[in-house]
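Good morning, colleagues. Please bring up the sequence and the model, and I shall take you through them chain by chain.

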Amino acid sequence: MEEKISGTEDRGKHPVDVNNLDYRSLFETVPGMYLVLAPDLTILQASDAYLRATLTRREAIIGRGLFDVFPDNPADTSATGVMNLRSSLNYVLKNKVPHTMAVQKYDIRRPDGSFEIRYWSPINTPVMNENHAVKYIIHRVEDVTDFVFLQQKHERSGERREELRQQVRTMDVEVLKRSEEIQRLNEKLERMVAERTRKLEEINKDLSDYKFALDASSIVASTDQFGTITHVNENLCKISKYSREELIGQNHRILNSGYHSRVFFNDLWKTISSGKIWQGEIRNKAKDGQIYWVATTIVPFLDEQGRPFKYLSIRSDITERVHFLDQLKRSEEDYRNLYENTLAAIITTDMLTGKSITVNDAAVQLFGYESRQEFLFNFDMTMHFANPAEIDENTRILKEHGQLHSRVVQMKRQDGSYFWAKIFVKLNSTEEVAQTVLIDITEQVKARENLHDKVTELKISNRELESFNYIASHDLQEPLRKIRNFVSVLLQNEEKNLSQQGQFYLGRMSETSRQMQWLIEDLLTYSRTRNAPRVFEKANLDDILNEVKNSLSSVIAEKNAVIRSEKLFTADVIRFQIFQLLSNLISNALKFSHPDRRPEIIIRGEVVSGSTLNNAKLLFHENYYHLSVKDNGIGFDPKYSERIFGIFERLHPASKYKGTGIGLAICKRIVENHHGMITATGRPGQGAIFDVYLPA
Amino acid sequence: MINSGKTEPTNTAVRNQLDILLADDDVDDRFFFEMALKEVPIATRLTTCVDGEKLMTFLADDNNTLPFAVFLDLNMPRKNGSECLAEIKENERLRDLPVIIYSTSLYDEIATLLYQNGAHFYLQKCNYSALPSAIHKILSSLQECRQRPAKDQFIINCYVS
């Protein structure tokens with residue numbers, strides 16, 4: 001191009017502006033007959049030749065409609081000019097391609113309004129704008145009127161070369177006919193094309209519907225023959241969390257989760273590369289590592305040689321289903337393990353035939369069979385009841401309630417030995433199959449029998465001990481009383497005859513025998529608190545307290561003690577035991593009074609709710625009688641707060657505080673007889689509080 | 001057959017002496033009772049029987065003067081105290097004889113029963129040191145009035161530590 005320009009140097013000497021040629025003048029004077037039409041068929045421009053041929057003037061036609069200017073000849077009833085031309089122009093407008101019309105009779109209106117016969121051969125050509133829309137139509141015509149007339153004149157004059165003329169005439173007519181034929185065929189073709197186009201449009205619509213449905217319902221991707229992704233739909237982006245841009249151009253392996261074996265993918269590729277559809281379930285991995293399962297169909301598209309050039313994969317998300325199946329599998333496995341490993345014997349039985357369907361090893365062992373096969377072949381539950389009378393009863397309950405719950409039965413093994421079992425039977429929903437679970441409780445039954453025997457033995461031995469205790473202490477009283485009496489007589493009558501040493505021994509003897517008497521008396525009381533009949537009666541504790549104070553009046557006076565009490569309560573109690581309780585607690589407080597203080601004992605009683613007492617041994621929602629005895633005595637170390645209630649338990653040497661170590665044990669027994677509890681709280685040197693809680 | 005207790009040697013005293021009868025199988029208890037009785041500032045003459053049968057034989061003998069009071073142990077061989085009491089109260093001649101139960105044990109129900117059966121007092125065998133005053137209290141009471149006391153006066157508790 002550059003060479004060409006440099007080769008025409010003389011152009012530069014006569015400068016002509018190539019970009020600004022006068023196209024208008026050029027067009028107007030061009031030798032052919034041209035008309036320029038707007039898409040609405042308004043005449044925009046015409047060449048001079050066209051104006052001359054159509055007997056029109058430029059200013060008379062520019063801006064006017066084509067068929068306004070060139071109507072059909074009203075005298076020619078068979079005129080088709082307007083119709084054919086309109087059809088051709090529409091074709092051009094619609095299909096945006098040139099259209100050649102057949103030779104066309106289209107008469108021209110003279111300025112005087114009459115029409116002149118004319119024949120034309122028109123070609124219509126579209127001119128496109130940048131948007132590929134029709135901007136103009138160039139209508140080019142050849143006036144073939146003279147030619148057509150010449151044929152007719154020659155015909156008429158009948159001059160020489162008749163043959164030739166005849167031939168030419170035939171030919172011309174033929175041409176005309178042909179062109180008419182072509183026109184017809186053309187029209188037919190156009191109709192067919194229009195029809196085909198319509199059909200294609202329909203097919204196209206169908207295809208786009210299918211695509212829409214597919215994209216909406218499935219995860220779709222296409223790859224080339226190497227597996228490189230060429231197309232993805234929105235669903236794939238959504239599930240894989242990759243963007244379209246990230247996926248396209250990548251190998252499909254980008255979604256591989258590493259779960260499937262090489263063999264799995266080899267098989268897949270072997271199938272699709274041989275042109276067959278592959279279907280299966282694939283575990284894929286999203287961008288964020290999330291695993292998902294897809295049911296996948298891969299369709300290969302083949303070229304002319306039958307080789308795949310494109311694969312289309314259609315998937316659906318089955319992650320939930322896979323997870324559900326996994327869970328189901330795990331749960332099934334759990335049950336299977338449970339069934340196999342449990343110590344409980346499990347048998348399922350067909351209710352119609354009475355035959356066992358399945359059995360676990362525990363059941364095989366329990367009934368003493370060799371194997372499951374042997375069991376299933378031979379087992380008949382009714383043969384294994386130790387007491388066949390129970391069969392009907394159990395069957396009745398099973399029929400009535402659909403289940404047997406926790407029945408204890410004695411069963412018989414294959415070898416005739418017996419065992420105890422707890423039996424559970426449940427019918428399934430259709431009542432066709434019963435599941436029987438047996439738990440061997442032979443050991444438990446034995447243990448329970450043993451325990452029962454032991455408890456009975458213990459009860460007997462306990463009773464014996466208690467009565468022994470009572471009898472012993474009761475019978476011990478007699479000789480002791482006598483010893484004490486002799487000591488008294490001795491002291492009274494013979495003391496003056498004894499040496500000082502002898503008198504000392506006698507004094508010690510007197511003291512020791514007195515100590516022993518207390519011990520026996522307390523033991524008797526302790527024993528009686530357990531053995532005496534427990535008669536509960538309504539009693540006023542204020543009255544009981546007064547009686548106690550009376551009975552202890554001499555000690556109270558001796559100790560110069562103050563006993564304060566608020567109003568107590570009336571309750572159902574074993575009266576003499578509550579007397580004993582109060583008596584012991586007050587005696588205790590008096591005994592352990594502080595040497596530097598005047599003894600003060602405060603007794604309180606009230607009804608309280610267990611919820612306010614903050615004691616785990618008391619019931620939260622129960623009400624309790626709370627009786628407290630508080631002193632200002634020597635107290636005790638809190639670590640002894642439990643031990644203090646043990647029998648023979650003493651915190652102080654007998655020489656310092658007289659006592660048998662039974663008093664508080666008696667208190668505890670009394671409180672227990674009343675189904676209550678007693679606690680002791682104390683600090684050395686700071687007094688003690690005894691709290692008694694009796695159920696209200 | 002009948003062990004007579006020591007009697008007061010002086011004749012002058014004999015007329016004022018109270019005849020006391022004790023039935024107890026226990027030799028030591030008889031001894032303590034005798035010792036204690038001597039300490040009581042009332043002139044008495046004690047006669048003792050070693051069981052219930054001998055007591056009833058003694059009482060049935062018309063040659064024997066009826067005593068001022070009978071102290072009766074409950075737990076005795078051959079015939080126990082309750083039986084003796086019942087027989088005494090059924091016998092018209094003996095019916096008014098004051099009977100004092102003298103026993104180690106003391107049960108309310110038994111005591112009540114004995115009171116209903118006509119016993120005057122229930123003296124629990126106690127420490128020697130308290131015995132003389134208890135016997136004194138009973139005898140004085142009987143000297144004042146031979147009738148049975150009220151129920152609440154029935155039991156003489158001398159069990160002092």
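What percentage of the 161 residues of chain B count as buried? The figure is 50%, where buried means under 20% relative accessible area, exposed over 50% and partly exposed in between, with a 1.4 Å probe and protein chains only.

Before going further, some conventions. This is a predicted model, in which local features need pLDDT of at least 70, side-chain atom pairs count only at pLDDT 80 or more, and totals for chains, interfaces and linings use all residues. Residues are numbered from 1 along each chain as its sequence is written, chains are lettered from A and ligands numbered from 1 in the order in which they are written, and side-chain values use heavy atoms, with hydrogens and water left out.

Let me stay with chain B. Its secondary structure comprises six helices and seven strands; helices (H or I, at least four residues) and strands (E, at least two) are DSSP runs, numbered from the N terminus. Along the sequence, the pattern of chain B reads β-α-β-α-β-α-β-α-β-α-β-α-β. A contact here means heavy atoms within 4.5 Å. Of the contacts in chain B with a separation of 6 or more, 73% are accounted for by residues 24 or more positions apart. Chain B exposes about 7900 Å², and carbon and sulfur atoms supply 46% of that area; accessible areas come from the Shrake-Rupley method with a 1.4 Å probe, and for residues only the protein chains shown count as cover.

One backbone detail in chain B deserves attention. Most residues other than glycine have a negative phi. B:Arg78 is not a glycine, yet has a positive phi of about 70 degrees. This residue lies in the loop between strand S4 (69-72) and helix H4 (81-90) of chain B. B:Arg78 is exposed, with a relative accessible area of 60%.

I turn to chain A. Chain A has 21 helices and 25 strands, and 35% of its 696 residues count as buried. Among its contacts between residues at least 6 apart in sequence, 52% join residues at least 24 apart.

A:Leu41 sits in the loop between strand S1 (33-37) and strand S2 (43-46) of chain A. Is A:Leu41 buried or exposed? A:Leu41 is buried, at a relative accessible area of 9%.

Next, the cores. A nonpolar core is a set of buried Ala, Val, Leu, Ile, Met, Phe, Trp, Tyr and Cys residues joined through side-chain atoms within 4.5 Å. The largest such core has 43 residues, and A:Leu585, A:Ile586 and A:Ile603 touch the most other members. Helix H20 (residues 575-591) of chain A gives the most to this core, with seven residues. Leaving aside residues up to four places away in sequence, A:Leu585 touches A:Val629, A:Leu664, A:Cys667, A:Ile678, A:Phe690 and A:Val692. Another core, of 29 residues, lies apart from that one and includes B:Leu22, B:Phe33, B:Tyr102 and B:Leu139.

On a 1 Å grid over the protein atoms alone, a cavity is a set of points where a 1.4 Å probe fits but cannot get out, and a pocket is an open set with protein on both sides within 12 Å along at least five of seven lines; lining residues have an atom within 4 Å of a point. Grid points are joined across faces, edges and corners, and a volume is the space filled by probe spheres set on the points.

How many cavities of 30 Å³ or more does a search of the whole structure find? There are two. The largest cavity holds about 110 Å³, and its lining residues include A:Tyr50, A:Phe70, A:Trp120 and A:His139. Strand S7 (119-128) and strand S8 (134-143) of chain A each supply at least two lining residues.

The second largest pocket holds about 460 Å³. Of its 19 lining residues, A:Met351, A:Met381, A:Thr382, A:Thr395 and A:Leu398 lie nearest its centre. H15(A) gives the most to this lining, with five residues.
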